[in-house]
Amino acid sequence: MSTIEAEHPRIWIRNPLSCWTGNDLDATNGIVVQGQNIVELVPAGSEPFERCHQSIDASAHVLMPGLINCHHHFYQTLTRAVPAALNKDLFPWLKTLYPIWANLDEDAIYQSTQLALVELLMSGCTTAVDHHYVFSQTLENATDIQVDAAQQIGARVVLTRGSMSLGQSAGGLPPDGVVQADATILQESERLIRRYHNPNEGSLCQIALAPCSPFSVTPELMRQTAKLAKQHDVLMHTHLAETEDENKFCLQQFGMRPLDYLDDVGWLHENVWLAHGIHFSNEEVARLGESKIGICHCPSSNMVLASGICPTKDLVHSGAKLGLGVDGSASNDGSNLIQEARQAMLLGKLRYGASNFTHHDALYMATHGGARLLRRPDIGDLRAGKAADLALFKVDEPRFSGHGDAVAALLLCGASQADHVMVAGQWKVKHGDLVDVDLVQLLRHHQQAALRLASAHQ
Ligand SMILES: Nc1nc2[nH]c(O)nc2c(=O)[nH]1
């Protein structure tokens, strides 16, 4: 074996029970990974072109691209199922939780970032977006902490620098203690882009800019953020059209509906993706499609908060890009992306009819759809040259027994845990266990941080 081959052996993940490539390529006999990339798809009846140094028997597994989560609030893993916030719509839910989140500290950010990433990884997710928007005078470096925490886990991340600048005293929803001045937000956003944003193929860390929502940021911050993002060629993200309350707020505060507001502040374009995207008229759906904007569907959260149903298929038909997200763990309250794909499929069938929304639609949204929305042609499907981000699911639990189509069974029977997960050619989960994370210790530290947060509020 040459030195290069010794450092980067060719690994054949061979003979999968079933393989969903996310495209029309045949990988019936598996794939070959070398270094950080997939180097070959092995069709039915074939063997790899070149000799492989290692091979892994995947005959009990469904092989697919690593899933992509396009919207989350990692810190919310510390406030799952908070009694006072249960059974509420978005605005009262947020008003209950803002004062608790106001006490987040550095350790809470670190532990919640790691815990959420681990939870996602174990569900087959290899790329995750976080939208952290709670900053205060005592916690200005949350994103720096997240970069560090994510590097330790080794997941691929897009960390959005969230922000809130419209406090209650100025007519916004959040308390004044958790909003920052526009100037501070912009300065910090630029610092983070310069320091951490890696735009290159194979990047493990990207920064995007994410003023939180129409009712928590000033229009001026939206406009200035759009300028800054353009200057540095980074993506922009925000919540939009999530609830009827938001529609009312926009009409009262800005004299227009959320989409007109988005257009007015210079955000209706292809370098933007929106979380939720529910309350659009047909004419608005057409405008969204023309702009080629991205929408992240968050079905569980939208059901828990009774926000509504995202018009997923209409958006796709109009030309918008569609990804999938678990949303924050205070409104889901889990970070399990394969389960979220099931939710998307079930809700899609309910809205569009059983034959008009398939498991393929949901899996596409959770993989290639997300990659398009995040402007990442290097991830999201299995193809030679793409990043080696993979999830392998076993279908030998009682819930799968008697299954036919193994790929369909993942969603129909309710898969929840991946058996093996690889990010950039490195195994992160093997036989259901994390390879390089002490889960017991992480859980202890995360629970301590959650208790500290709860007691700080009492
Ligand atoms: N589902 C959520 N919607 C939101 N809007 C907003 O301003 N913050 C949130 C949030 O945390 N979750």
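Tryptophan 101 has a relative accessibility of 0% and therefore counts as buried (under 20% relative accessible area, with exposed over 50% and partly exposed in between; 1.4 Å probe, protein chains only). The model is predicted: local features require pLDDT of at least 70 and side-chain atom pairs pLDDT 80 or more, whereas totals for chains, interfaces and linings use all residues. Residues are numbered from 1 along each chain as its sequence is written, and side-chain values use heavy atoms, with hydrogens and water left out.

Nine aromatic pairs are present in the structure, a pair being rings of Phe, Tyr and Trp (its six-membered ring) with centres within 6.5 Å, stacked if the planes are under 30 degrees apart, edge-to-face if over 60 and tilted otherwise. One of them joins tyrosine 75 to tryptophan 101 in edge-to-face geometry, at 5.1 Å centre to centre and 85° between the planes. Because tyrosine 75 lies in the loop between β7 (67–69) and α2 (90–101) and tryptophan 101 in helix α2, this pair ties together parts 26 residues apart in sequence; helices (H or I, at least four residues) and strands (E, at least two) are DSSP runs numbered from the N terminus. Tyrosine 75 is likewise buried, at 1% relative accessibility. The rings of tyrosine 75 and tyrosine 133 are also edge-to-face, with centres 5.9 Å apart and planes at 85°. Tyrosine 133 is buried, with a relative accessible area of 3%. Ring pairs link Tyr75, Trp93, Tyr98, Trp101 and Tyr133 into a cluster.

In helix α3, 13 of 17 residues are buried. Just after α3, glycine 124 adopts a positive phi of about 95°.
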